[in-house]
Amino acid sequence: MEESVELAVKRAIGMMHDNLGEQLTVDDLARAAMFSKFHFTRIFQRATGVSPARFLSALRLQRAKHLLKSTSLNVADISLRVGYNSVGTFSSRFTRSVGMPPTTYRRLAGFATHIPIDRSGRLGQPSAARVRGKILPGPDVEPGLIFVGMFADRIPEGRPVRCAVLPEPGHFTFEEVPSGSWYLLAQSVTGDPQQSVWDASQPEQQVSVASYGPLTVRPDTDTEAELTLQPAGALDPPVLLALLDARKLALSMTGRDETGREKTGREEIGRTETAPTELRPQRHFASAQNHRPAA
């Protein structure tokens, strides 16, 4: 990607961050980027993988997540601060994207108790298709727990059709994948384990991301993909889905409780549903090229 184009898109994203409570238009963002409206929309989509409106909406909800965790503001006040005139519309979009209502997100301190996959059939019926993948760390990445999911869109929001949590870089397999066009999206966060796993607004956290797609799945395909985690940058859309408590999940994988003692029962800290549930690296080889938006 040309440096001038990247800088232009970053100027527009900077304007979004500075004016999340305002009613920004594409014209406003195009002026900040110093491009025509038509050309700006094209270069923004090419640079980030999503439209300016989708990126702005994701940033609004990301800020709302942060405010719910870090302040005592009520939901109505937060909705106004992130640019919503209707608290009902805000709550509906938050619930659809994050996976739980704003009040529940606050009560659970930003953590999900489990991550359900989409079983409604709205996104497609299970098939005999399989997707096998391998996640690698980039040269500047020291990953913690890794979440990988299949989503209908470039922004990880709502319920994935398949997902897994890996304790380290490695292999995963998704069985009975519905036919359709999907994005494989992975993210890993290191830092304070008491913070929500995917809250990139925390400055002490190091966020790494990877994406592959769109990936076309047919009923009988066996698809392979390789994703390389890279430090998240300004052009990466935020992850909206509320995920698991990193500390509790890590301890559950090592068979210890939060005090470091070995567990004696069969406590279930949190689960990530796939078909079947996957909480450990799978022993399948997969190779393909990591996908990023075209330059």
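A contact here means heavy atoms within 4.5 Å. With that in hand, I looked at how far along the chain contacts reach: among those between residues at least 6 apart in sequence, 72% join residues at least 24 apart.

**Ground rules.** I am working on a predicted model, where local features need pLDDT of at least 70 and side-chain atom pairs count only at pLDDT 80 or more, while totals for chains, interfaces and linings use all residues. Residues are numbered from 1 along each chain as its sequence is written, and side-chain values use heavy atoms, with hydrogens and water left out.

**Overall.** I counted 8 helices and 9 strands; these are DSSP runs numbered from the N terminus, helices being H or I with at least four residues and strands E with at least two. Of the 295 residues, 47% are buried. Buried means under 20% relative accessible area, exposed means over 50%, and partly exposed is in between (1.4 Å probe, protein chains only). The accessible surface is about 14000 Å², with 49% of it belonging to carbon and sulfur atoms; areas come from the Shrake-Rupley method with a 1.4 Å probe, and for residues only the protein chains shown count as cover.

**Salt bridges.** I found 9 of them, each a side-chain nitrogen of Lys or Arg within 4 Å of a carboxyl oxygen of Asp or Glu. I started with Lys 10 and Glu 6, whose side chains pair at 3.0 Å, N to O. Both sit in helix H1 (residues 3-18), 4 residues apart, about one turn of the helix. Lys 10 is partly exposed at 37%, and Glu 6 is partly exposed at 26%.

Next I went to Arg 132. Its side chain bridges to Asp 222 at 3.1 Å, N to O. That pair links distant parts of the chain, with Arg 132 in strand E2 (residues 129-137) and Asp 222 in strand E8 (residues 222-231), 90 residues apart. Glu 224 also bridges to Arg 132, at 2.9 Å, N to O. Glu 224 lies in strand E8 and Arg 132 in strand E2, so this pair ties together parts 92 residues apart in sequence. Shared partners join Arg 130, Arg 132, Glu 175, Asp 222 and Glu 224 into one network. I checked cover too: Arg 132 is buried at 16%, whereas Asp 222 is partly exposed at 42% and Glu 224 is partly exposed at 27%.

**Largest pocket.** I noted about 530 Å³ of space. A pocket is an open set of points on a 1 Å grid over the protein atoms alone, where a 1.4 Å probe fits, with protein on both sides within 12 Å along at least five of seven lines; lining residues have an atom within 4 Å of a point. The volume is the space filled by probe spheres set on the points, which are joined across faces, edges and corners. There are 28 lining residues, with Arg 96, Gly 99, Glu 157, Gly 158 and Arg 159 nearest the centre. H6 gives the largest share of the lining, 4 residues.

The peptide bond from Gly 213 to Pro 214 is cis, with omega near 5°, and Pro 214 is in strand E7 (residues 206-217). Met 34 is not a glycine, yet has a positive phi, near 65°; it lies in the loop between helix H2 (26-33) and helix H3 (37-48) and is exposed at 61%. Glu 176 has a positive phi too, near 50°. I placed Glu 176 in strand E5 (residues 171-177), partly exposed at 43%.
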